Amino acid sequence: AEVTFVRSDDPAATAVFSAAVLERAGKRRFAVAEVSLLGDRGFDALDSLVRIVIRTMGAPALPPEERGLLAHLDAFVDKHGQRSREWFESGARREAAYGDLTEIARDYVEGRLAEHHASGKLEQWLSGTVVDRAEEVPTLNRKTAKRALSELTRLLRVLGFRGLLLVISRG
C-alpha cells in the first residue's frame, strides 16, 4: 500500500490532475474512488470514509447505479457466470481475503447465482446493524474500519482489479 499527498492551491489544476489520475488508474485496472472532505461528503472518522468508498467507488463518469462494490460484484458475476463461485474462492485464497466484508461479498455472489436479492447484508453491515448470520459478525464501525479498508483492497483484487486508487479532495 502506498499513500501519496498532492497539494495545490489552484482548484482547477487540482480537478484536472485528479481526473487524469483517476482515468489512468481505471485504464490500468484499478478500482477508483473520489471522496470530498467538504459538504455532504465530509467525514470525521475512517468508518465514514470506508462506507462512502464502498457505496460510490467507480469512474466519476459512471451514473450512481453503476458505481459501488455491488456494481463491481455484479460485473464479476456477469463476467464469470456459473463459474463465479470458483473464481471468487480461488481469488480469495490467493489474496488471503477473509473477514466480514469478504463473507458478505461471497454471500452476494452466491445470491446472484441463485437469482435472489442479496444486497441487504452489505447495507446492514455498512449501516452498523447486526448482519443476519449464524455467528455474531461485527459491523462496520470505528473499531473495524481500518481492517475493513484493508480487506476491501484484497477483495477488489479478488474481483480482478490491481488495487484501489482513492483520491480525497477538499471539495
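Me: What should I know about the model before reading values from it?
Reply: The model is predicted, with local features requiring pLDDT of at least 70 and side-chain atom pairs pLDDT 80 or more, while totals for chains, interfaces and linings use all residues. Residues are numbered from 1 along each chain as its sequence is written, and side-chain values use heavy atoms, leaving out hydrogens and water.

Me: How many helices and strands does the protein chain have?
Reply: There are seven helices and two strands, taken as DSSP runs numbered from the N terminus (helices H or I, at least four residues; strands E, at least two).

Me: And in which order do they run from the N terminus?
Reply: The order is α-β-α-α-α-α-α-α-β.

Me: How do the axes of α3 and α4 cross?
Reply: The axes of α3 (residues 69-80) and α4 (residues 84-95) cross at roughly 120° and come within 8 Å. Axes are lines fitted to C-alpha atoms, for helices over the stretch in contact, with angles from 0 to 180 degrees between N-to-C directions.

Me: Which residues meet there?
Reply: Phe76, Val77 and His80 of α3 meet Ser84, Trp87 and Phe88 of α4, where contact means heavy atoms within 4.5 Å.

Me: Changing topic, how much of the protein chain is buried?
Reply: Of its 171 residues, 40% count as buried, meaning under 20% relative accessible area with a 1.4 Å probe, protein chains only.

Me: What does the C-alpha trace span?
Reply: Along its principal axes, the trace spans about 50 × 30 × 30 Å.

How values were computed
Buried < 20%, exposed > 50% of the residue type's maximum accessible area, 1.4 Å probe, protein only.
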